[in-house]
Amino acid sequence: MRNPFRRSVEQALDASRTALASDLIAALGEQNVLWRAEDLIGYEYDATIDRRRPDAVVFPSTTEQVSAAIVIANAFGVPIVPRGSGTGLAGGAVPIMGGVVVVLTRMNRIVEIDPRDRVAVIQPGVINLRLQDECAKYGLLYAPDPSSQRICTIGGNIATNSGGPHTLAHGSTVNHVLGIEVVLPDGRVTYLGSRVPDAPGIDLRGVFVGSEGTLGIVTSITVRLQRQPEAVRTMLAIFESIEIASEAVSAIISGGVIPVALEMLDQEIIRAVEPRLHVGYPLDAGAVLLIEVEGLRESVEADAQYVVTACREMGAREVRTAESEAERARLWEGRKGGIGAIGAISPNFYILDGVVPRTQLPKVMAEVMRLSAEAGFRCANIFHAGDGNLHPNIMFDELVPGATQKVLDLGGAIMRLCVDSGGSITGEHGVGLEKRSYMEWIFSAADLEAQQRIRDAWGTGERFNPCKILPTGHGCGAGHEAEIRQHLATPGVYV
Ligand SMILES: Cc1cc2nc3c(=O)[nH]c(=O)nc-3n(C[C@H](O)[C@H](O)[C@H](O)COP(=O)(O)OP(=O)(O)OC[C@H]3O[C@@H](n4cnc5c(N)ncnc54)[C@H](O)[C@@H]3O)c2cc1C
């Protein structure tokens with residue numbers, strides 16, 4: 001027999017959810033609110049492992065609607081979770097305590113591209129590649145180019161301070177954001193930074209970029225643009241092993257030439273990509289480096305020659321240079337489609353993100369492969385080698401009992417390896433939900449308290465994207481696995 005107390009709690013929760021949904025519908029319109037269980041499933045997760053169903057999902061089209069949604073969620077005492085395209089790889093957009101997910105993809109207007117001041121003003125739901133394509137029409141470049149750029153939003157890029165292949169030379173997202181309009185956790189609207197560089201006062205724009213949706217919701221963005229380079233050279237250097245290729249990475253950079261991109265793909269990735277995308281990667285290579293130099297025509301030729309020589313000296317068996325724009329695009333197609341291709345060879349895979357000093361790459365990569373083999377998993381590597389930013393992809397089948405936990409444990413061991421090698425637990429994907437419990441490996445109690453104080457000062461409270469970044473928080477527990485188990489077992493949490 002069902003416990004009558006539990007039934008009355010469930011009825012009360014349903015009544016509360018219904019009231020929440022009707023207030024959201026009254027403010028945003030029926031077409032902009034999802035609340036039926038079957039409609040909410042798609043918003044349980046991002047691109048990683050953790051998941052939890054929200055109580056409602058809203059799709060605002062204006063800053064005022066974002067503000068209204070926040071005020072209503074606050075009145076009901078439920079969490080608020082900002083979300084772009086959901087390609088995040090740290091669980092940042094997962095509503096782990098339920099509540100209202102605010103999806104920004106309908107705020108997708110490019111408001112202005114000003115070629116003279118070299119700025120663009122855009123809404124947060126603009127897709128990264130669309131902005132790049134539009135800027136290219138003016139001979140301009142928005143440099144940050146995460147490999148997910150065909151689908152991720154600029155709002156998500158700001159929240160995670162995204163990197164990408166070309167941020168080796170151009171810097172990550174924070175270096176390209178001038179100003180942002182933000183709806184604060186109490187629903188008020190503020191502007192951080194300005195349209196011109198170096199706004200006076202405390203750099204709250206800098207604090208916000210990379211805060212992973214824990215300090216508010218970005219609703220308008222002014223970014224810095226730069227001229228497209230006069231010349232570009234793209235090369236594919238082919239190596240017998242990932243360790244030799246890793247040695248070459250440091251050798252190239254220590255010689256004084258900083259390529260704009262220096263990417264590594266190992267044999268597993270090549271064998272996943274090549275039969276599907278036919279981009280011309282050699283199937284028998286241990287690893288390849290995709291290297292790009294850009295700038296003025298004369299200097300680019302000299303830099304490219306230097307890279308070819310350095311790779312050969314470090315043991316490359318061949319270095320190919322793209323001779324046309326089409327060839328260059330093909331080489332990049334393999335890089336940008338590399339992670340997707342793993343989906344064709346494995347039922348599930350877990351993408352890790354760590355960073356180490358470049359010089360540690362040969363040792364760390366050998367150890368990553370050893371740890372993976374020891375745990376019984378295949379591991380494919382595709383990463384921003386120039387930044388020392390590794391992305392081991394652990395392949396597994398979640399239907400095999402215990403496999404997911406083993407993969408999470410292996411992920412923890414690889415993160416520990418990065419920290420012990422002088423690196424850190426994330427290079428670009430953020431901490432999110434997934435890596436909160438590792439924060440104590442790199443920060444002291446005082447460091448973490450300083451970060452918590454920023455959240456407190458911002459008025460974030462316990463309900464604005466809860467359980468993200470910091471290792472502890474009201475109702476969040478300290479350990480990520482225990483917390484997920486607890487919340488998966490609970491139907492809707494109103495705090
Ligand atoms: C195949 C693949 C390749 C990837 N390659 C890269 C890469 O090269 N470099 C890289 O850095 N990342 C990469 N990522 C990770 C991911 O694409 C980025 O983190 C991206 O910035 C997330 O954008 P999104 O729109 O999907 O955001 P979501 O996943 O929806 O959200 C990410 C975080 O941003 C917050 N957020 C979203 N929108 C807003 C907003 N408007 N205001 C406030 N907070 C907001 C969310 O709360 C969450 O914490 C990759 C992911 C995949 C699946």
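Predicted model: local features only at pLDDT ≥ 70, side-chain atom pairs only at ≥ 80, totals over all residues.
Let's start with strand E4, which covers residues 100-103. In a regular strand, side chains alternate between the two faces of the sheet. Here Val 100 and Val 102 point one way, while Val 101 and Val 103 point the other way. All four of these valines are buried.

E4 pairs with strand E2 (residues 56-58) in the parallel sense, over 3 bridges. In that pairing, Ala 56 stands opposite Val 100. Strand E3 (residues 80-83) also runs parallel to E4, and 4 bridges join the two. There, Arg 83 stands opposite Val 103.

## Two nonpolar cores

The largest nonpolar core holds 67 residues. Among those with the most contacts inside this core are Ala 237, Phe 239, Leu 265, Val 288 and Ile 394. A second, separate core has 66 residues, including Tyr 43, Met 107, Val 177 and Leu 192.

Beyond its neighbours within four places in sequence, Leu 265 is in contact with Ile 270, Tyr 281, Ala 287, Val 288, Leu 290, Arg 335, Gly 338 and Ile 382.

## Helices H8 and H10

Helix H8 spans residues 242-254 and helix H10 spans residues 297-313. Their axes come within 9 Å and cross at roughly 140°. Angles over 145 degrees would count as roughly antiparallel, so H8 and H10 are oblique to each other. The crossing of H8 past H10 is right-handed.

On the H8 side, the contact is made by Ala 248, Ala 251 and Ile 252. H10 contributes Val 307, Ala 310 and Cys 311. Ala 248 is also listed among the residues with the most contacts inside the largest nonpolar core.

Methods
Residues numbered from 1 in each chain as written. Buried ≥ 20, exposed ≤ 12 C-beta atoms within 10 Å, placed from the backbone. Pairing = 2+ DSSP bridges. Core = buried A, V, L, I, M, F, W, Y, C linked by C-beta atoms within 7 Å. Contact = placed C-beta atoms within 7 Å. Axes fitted to C-alpha atoms, helices over the stretch in contact; angles between N-to-C directions. Parallel < 35°, antiparallel > 145°, perpendicular 65-115°, else oblique. Left-handed = near helix turned anticlockwise from the far one by under 90°.
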